[in-house]
Amino acid sequence: MAGCSRMPKSAATVVEFDGASYANAPKSDSHSTSSPQSPSASRLGSASSDSQARFGERALSAAGAAVISAILVNPLDVAKTRLQAQAAGVAYYPMQHQYERRFVSLGPSTMFSDLRCSPSCTRAAIFGTDSVCPPDCFQYKGTMDVINKVVRQEGFARLWRGTNASLALAVPTVGIYLPCYDIFRNWIEEFTVHNAPILTPYVPLFAGTLARSLACISCSPIELARTRMQAYKELRPGVKPPGIWKTLVGVLSSVRTNDNPNSRGYRVLWTGMGAQLARDVPFSAICWPTLEPIRRRLLSVVGDEGNAASVLGANFSAGFAAGSIAAFATCPLDVAKTRRQIEKDPSRALNMTTRQTLVEIWRTGGLKGLFTGVGPRVGRAGPSVGIVVSFYEVVKYILHQRNADS
């Protein structure tokens with residue numbers, strides 16, 4: 001920060017990406033010529049000036065970042081959810097006895113094309129008047145296998161199954177999460193610098209935890225709908241899979257309770273919220289304390305002469321690394337969340353706990369079961385966090401500069 005007096009206006013981006021304010025760069029002239037600032041005072045100045053950015057600017061920046069991220073990484077999200085749902089017992093092969101009944105009732109001319117994984121499959125056997133694929137044609141063996149079979153069996157567009165829910169989820173979630181993280185970080189940092197300097201390095205952990213908890217609680221029903229939309233495959237030919245609203249209505253209609261149905265019935269919409277918090281809060285507690293030092297180090301390498309592209313690259317790289325590490329560490333909790341949210345037994349959905357779910361996964365699948373889908377989860381989270389953080393900071397900078405000029 002001592003070099004801020006010689007920083008050109010365009011280099012203010014470097015200061016902002018480290019948490020400082022664009023408007024703070026000119027102020028540094030007078031301060032740097034009179035007396036050097038201590039690191040804590042400099043950092044506090046950055047936090048307080050950054051807090052002047054309006055909430056609307058932050059929310060708009062975060063929402064735009066969330067839209068781009070949700071669209072780009074949705075196929076990996078579908079792959080992760082399908083692998084985890086298959087491990088939980090979701091059947092992607094049509095139940096044989098259903099078609100036997102149809103065969104008997106409708107006669108030998110009944111077609112069984114819905115038991116064919118794809119028209120080009122060479123493993124199909126003749127059953128009645130049509131060819132039928134073996135069950136393993138419908139079983140997923142890995143990330144690329146999921147993507148390949150979804151494209152062959154359901155169409156290319158199915159890789160973006162649940163994107164509307166992802167967008168409906170991402171905009172309010174990230175619109176709450178990143179702006180609140182900024183605000184909480186500034187508030188807590190200002191408090192710790194004056195009252196408990198020893199806690200200042202842990203500010204990103206506290207701020208990320210609080211912001212993520214608020215976002216998770218607010219948007220849990222949409223997360224439930226997205227998970228179910230991605231996990232379940234429509235087995236009936238010609239039938240359009242349900243959207244967000246029909247999915248949530250279906251969840252509610254499956255609950256039949258006589259005692260206080262209003263509160264207990266609607267509580268099912270928050271099924272898995274405990275597992276989601278148990279996943280997302282540690283994710284943030286790992287992600288942000290990892291991201292901030294990496295970002296500072298990369299931005300210090302970029303230096304005062306760095307342009308927007310280099311600063312964008314530094315933010316994306318830091319977000320990619322931090323998101324990948326956090327996603328790997330929290331994968332068992334993500335498996336538990338998926339398993340709880342795809343549970344179709346209302347009593348289990350309402351009464352099962354995250355701890356019981358984890359124990360059940362461990363007993364049936366061991367360590368491999370706890371890390372089901374870790375590949376697509378890490379492959380999704382790294383780019384997603386990188387895109388969100390870099391895009392958020394760039395748009396926030398542009399909006400702030402535009403308002404400052406006007």
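**Reading helix packing and nonpolar cores**

Reader: At what angle do helix H13 and helix H15 pack, and how far apart are their axes?

Author: Two packed helices are described by the angle between their axes and the distance between the axes. In this predicted model, helix H13 (residues 331-341) and helix H15 (residues 354-370) pack at about 115°, with axes 10 Å apart. Helices are DSSP runs (H or I, at least four residues) numbered from the N terminus; axes are lines fitted to C-alpha atoms over the stretch in contact, and angles run from 0 to 180 degrees between N-to-C directions. By class, the contact (heavy atoms within 4.5 Å) has eight nonpolar, four polar and three charged residues. Here Ala, Val, Leu, Ile, Met, Phe, Trp, Tyr, Cys and Pro count as nonpolar, Asp, Glu, Lys and Arg as charged, and the others, Gly among them, as polar.

Reader: Which residues have the most contacts inside the largest nonpolar core?

Author: In soluble globular proteins, nonpolar side chains tend to be buried together. A nonpolar core is a set of buried (under 20% relative accessible area, 1.4 Å probe, protein chains only) Ala, Val, Leu, Ile, Met, Phe, Trp, Tyr and Cys residues joined through side-chain atoms within 4.5 Å. The largest has 25 residues, and Phe 283, Trp 288 and Leu 291 have the most contacts inside it. Helix H7 (163-195) is among the helices that each supply at least two residues, and H7 gives the most, with six.

Reader: What does Leu 291 touch?

Author: Not counting residues up to four places away in sequence, Leu 291 touches Ala 318, Gly 319, Ala 322, Val 385 and Val 389.

Reader: Which residues of helix H9 are buried?

Author: In H9 (residues 244-253), they are Thr 247, Leu 248 and Val 251.

How values were computed
Residues are numbered from 1 along each chain as its sequence is written. This is a predicted model: local features need pLDDT of at least 70, side-chain atom pairs count only at pLDDT 80 or more; totals for chains, interfaces and linings use all residues. Side-chain values use heavy atoms; hydrogens and water are left out. Buried means under 20% relative accessible area, exposed over 50%, partly exposed in between (1.4 Å probe, protein chains only).
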